[in-house]
Amino acid sequence: MSVRPISELISRPIAWLWLWRLALGKLAILEGDPGLGKSLLALDLCARLSTGRPFPDGTASPGPGNVIVLNAEDGAEDTIRPRLQALGADLARVYVAHHDEPADLAGVPGWLHALDEDLAHSRALLVVIDPITAFFGAGVLSGSDQSARRALLPLARLAAKHHCAILLVRHLNKHGAGRSIYRGGGSIGIVAACRSGWLAAPDPHAAGRCVLAQVKNNLAPPQPSLAYEVTAQEGAPPVLSWLGPCEWAADDLLAKRPSAPPPSPRDRAREFLEDVLEQGPRTSREIWEASREHELSERTLNRAKRELEVRSVRVTIEGQPRSYWLLPGQELPAVVPPEEAVPSLEPWLAPLRAQFPPPTPLDDL
């Protein structure tokens, strides 16, 4: 690393894709529960940019411009294309990855070389990655602040290199309470790496209406929330309608939901393990180090492990013993030689645990 006096740098203003909301050369994030139209909302922004139409609040678009849509959940031919067409997009300006399986797209930061080439070819002004957790590589722990920040830093550099906005999409966690900045799934390091954050949430006082609200904005003053509706159509893509500014703030939208008791340590441990193991098996060391950020005890983690039916598989790699944790249905990573795996004893131990449960503290009374 080399340093130089900041006096040698030339000051320049922030350039905007969507004025005061999405900055060019930066990461942004859109969060919300399933079923609120996050993906459709992101596609609406793509459609507007591709044709040069104003954005939902009436501000001018820098388009017509090209966009890249990376979606690991919706089919490009049966879902994304019809939706974009219904939203009035210039389909020749919208690029999607030419891959057969979503797994082929995974690998931030390893996959960034391909995206670098795609951006150079398409000169896209906007990239949508939906959901971001599906594109993390096997070595990224989405629940770890350090791991998430390390994975997103090269992506931020790529946005700066190509002077484009990269919009990440992710679901909320299951906590059901707390400030909006802490409600995104996985580590807070994901939203921290973004220069602006946005929440899609239902309007507590208007059934069927939703709100796009600001969670954070490091580069501009607070922006007004915008109301919208998503209307399903039989045999046709859903319709998105923008309804103008509204008074709801992100924290208020989440606070107005029915109150729920705070999650127990075991609930938090279950959610943590589900998030950590969602993209594949992890070593016990990786899991333990990531759990330190969540203040989970060894006992609580092991209880959650049993409830989720997570199994351990011990292996020896280059003479070093390792223990992998796997969710039901998962297999060891391809980097682990199958002949070095030690068979799991869990199929035999589980019936014995059920027949001879461990004593409780009351048994000593």
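Is F55 buried or exposed, and what is its relative accessible area? F55 is buried, with a relative accessible area of 2%. The legends below refer to a predicted model.

**Figure 1. Overview of the chain.** The predicted model contains ten helices and 15 strands. The chain has 365 residues, of which 44% count as buried. Among contacts between residues at least 6 apart in sequence, 64% join residues at least 24 apart. The chain exposes about 19,600 Å², and carbon and sulfur atoms supply 53% of that area.

Figure 2. The chain has three aromatic pairs. One of them joins W16 and W20 in an edge-to-face arrangement, with 5.6 Å from centre to centre and 65° between the planes. W16 counts as buried at 16% relative accessibility, whereas W20 counts as partly exposed at 37%. The rings of W18 and F55 form a stacked pair, because their planes lie at 20° and the limit for stacking is under 30 degrees. The centres of these two rings are 5.3 Å apart. W18 belongs to strand β1 (residues 16–18), while F55 lies in the loop between α1 (38–51) and β4 (67–71). The pair thus links distant parts of the chain, 37 residues apart. W18 is buried, with a relative accessible area of 3%, and F55 is buried at 2%.

**Figure 3. K305 over the ring of W325.** The view shows a lysine and a tryptophan side chain. K305 lies over the face of W325, at 4.3 Å from the ring centre.

**Figure 4. Nonpolar surface patch formed by L349, L352 and F356.** These three residues make a patch of about 290 Å². F356 is found in the segment after α10 (346–355). With a relative accessible area of 54%, F356 is classed as exposed, because the exposed class begins over 50%.

**Figure 5. Salt bridges D90–R93 and D203–R209.** The chain has ten salt bridges, and two of them are shown here. In one, the side chains of D90 and R93 meet at 3.8 Å, N to O. Both partners are partly exposed: D90 has a relative accessible area of 30% and R93 has one of 27%. In the other, R209 pairs with D203, the closest N and O atoms being 2.8 Å apart. R209 is partly exposed, with a relative accessible area of 27%. D203 is buried, at 5%, because a value under 20% is classed as buried.

Figure 6. R266 forms a salt bridge with E307, and the closest N and O atoms of the pair are 2.6 Å apart. This pair links distant parts of the chain: R266 is in helix α7 (residues 265–277) and E307 is in helix α9 (residues 298–307), 41 residues apart. R266 is partly exposed, with a relative accessible area of 33%, and E307 also counts as partly exposed, at 35% relative accessibility. Together with R270, R266 and E307 are linked in a network of salt bridges.

Definitions and conventions:
Residues numbered from 1 in each chain as written. Predicted model: local features only at pLDDT ≥ 70, side-chain atom pairs only at ≥ 80, totals over all residues. Heavy atoms only, no water. Helix = DSSP H or I, 4+ residues; strand = E, 2+ residues; numbered from the N terminus. Buried < 20%, exposed > 50% of the residue type's maximum accessible area, 1.4 Å probe, protein only. Contact = heavy atoms within 4.5 Å. Areas by Shrake-Rupley, 256 points an atom, 1.4 Å probe, with all protein chains shown as cover. Phe/Tyr/Trp six-rings, centres within 6.5 Å; stacked < 30°, edge-to-face > 60°. Lys NZ or Arg CZ within 6 Å of the ring centre and 35° of its normal. Patch = residues over 30% accessible without salt bridge, like charges linked within 9 Å, V, L, I, M, F, W, Y side chains within 5 Å. Salt bridge = Lys/Arg side-chain N within 4 Å of Asp/Glu carboxyl O.
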